[in-house]
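Trainee: Please pick one spot in this chain and look at it closely with me. Then show me how the rest is built around it.

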Amino acid sequence: MELSEYVERLDDRLDTDAYADVDASANGLQVGPSGPTVDRNVDHVAFAVDAAMETIDAATAAGADALVTHHGISWGGIDHVTGRTYDRIAALSEAETALYVSHLPLDGHQELGNAAGVSDELDLVDRRPFGELGPVTIGTAGTLSEPLLTAELRERLDRFEGSMTDTHVLPFGPETIEEVAVVTGSGVDWLDEAVDAGVDALVTGEGKQQVYHDAREAEITVFLAGHYATETFGVRALQTLTEEWGIETTYVSHPTGL
């Protein structure tokens, strides 16, 4: 498959354009040739959460023609190609490895996204989009197929790939949890929406100081399961999709513990 077709397919499935005005990430093809006269074949694609030197080097070692990540290297544009940005772009260019990035589109997709993957692992049913950000959403809410105690839900989160520390819990909601909202990564800013939605718990990756008081006063439980650990699901789903298109794949696991 040619790179341009592969990028077009991903952009279409992820509805990348819908997030253009709300996402600081330059989603889509961040590094690589564009246009029919410079197209190249994609026979092998690597997948990782972060576009860092470790994952770029691993993709190169695997012989990947492209690397697909959730976190890229361009946030609000690149003014100067120096330092770490230069090193990453140079490594990709020298290896002729394209970089495709999907940040918020891969958070909010209701089938392929990170929140959808977390919801699958927690066995949420009766799902609905959650986590409003302008005209789009970046999360999912639903009902546990079977109510769980706070400790039981925490145990499920602790089993996520890349989970290197115990899930931190702010246990201010009911002990038995039925309704859950999920915004992966750094999602505590959606606590008020979770309260308004009447859920028992918000599951996200990392927290902020103020969320302790907000959650306590609102009587809602917050699970902080790790930024990395809650955001492996989207790239894994894209890996499966890519394999269905007949392309060889490699997954690069590089947990941060954060």
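Mentor: Start at Asp-123. Its relative accessibility is 38%, so Asp-123 counts as partly exposed. That label covers the range between buried (under 20% relative accessible area) and exposed (over 50%), with a 1.4 Å probe and protein chains only. This is a predicted model: local features need pLDDT of at least 70, side-chain atom pairs count only at pLDDT 80 or more, and totals for chains, interfaces and linings use all residues. Residues are numbered from 1 along each chain as its sequence is written, and side-chain values use heavy atoms, with hydrogens and water left out.

Where does Asp-123 sit? Asp-123 is in the loop between helix 5 (114–122) and strand 5 (124–133). Helices (H or I, at least four residues) and strands (E, at least two) are DSSP runs, numbered from the N terminus. Now check the backbone. Phi of Asp-123 is near 60 degrees, a positive value in a residue other than glycine.

Glu-96 is worth a look too. Its phi is near 55 degrees, again positive in a residue other than glycine. Glu-96 lies in the loop between helix 3 (83–95) and strand 4. With a relative accessible area of 51%, Glu-96 is exposed.

Go back to strand 5, which holds Asp-126. Asp-126 has 62% relative accessibility, so Asp-126 counts as exposed. Leave aside its neighbours within four places in sequence, and Asp-126 is in contact (heavy atoms within 4.5 Å) with Ala-141, Gly-142 and Thr-143. Thr-16 is 110 residues from Asp-126 along the chain, and their C-alpha atoms are separated by 25 Å.

Another loop, between helix 6 (150–158) and strand 7 (168–171), holds Asp-166. Its 57% relative accessibility makes Asp-166 exposed. Beyond its neighbours within four places in sequence, Asp-166 contacts Arg-154 and Asp-158. Arg-154 is twelve residues from Asp-166 in sequence, and their C-alpha atoms are 8.3 Å apart.

Next, step back to the whole protein. It has nine helices and eleven strands. Its radius of gyration, taken over C-alpha atoms, is 19 Å, close to the 18 Å from the globule rule (2.2 Å times the number of residues to the power 0.38) for 258 residues, so the protein is as compact as a globular protein of that length. Buried residues make up 50% of the 258. Take contacts between residues at least 6 apart in sequence: 66% of them join residues at least 24 apart.

Now look inside. In soluble globular proteins, nonpolar side chains tend to be buried together. A nonpolar core is a set of buried Ala, Val, Leu, Ile, Met, Phe, Trp, Tyr and Cys residues joined through side-chain atoms within 4.5 Å. The largest one here has 22 residues, and Tyr-6, Val-45, Phe-47, Val-68 and Leu-238 touch the most other members. At least two residues of this core come from each of helix 1 (3–14), strand 2 (44–50), strand 3 (66–71), strand 4 (98–101) and helix 9 (233–244). Helix 1 gives the largest share, five residues. Apart from this core lies another, of 20 residues, including Val-136, Leu-191, Leu-202 and Leu-224.
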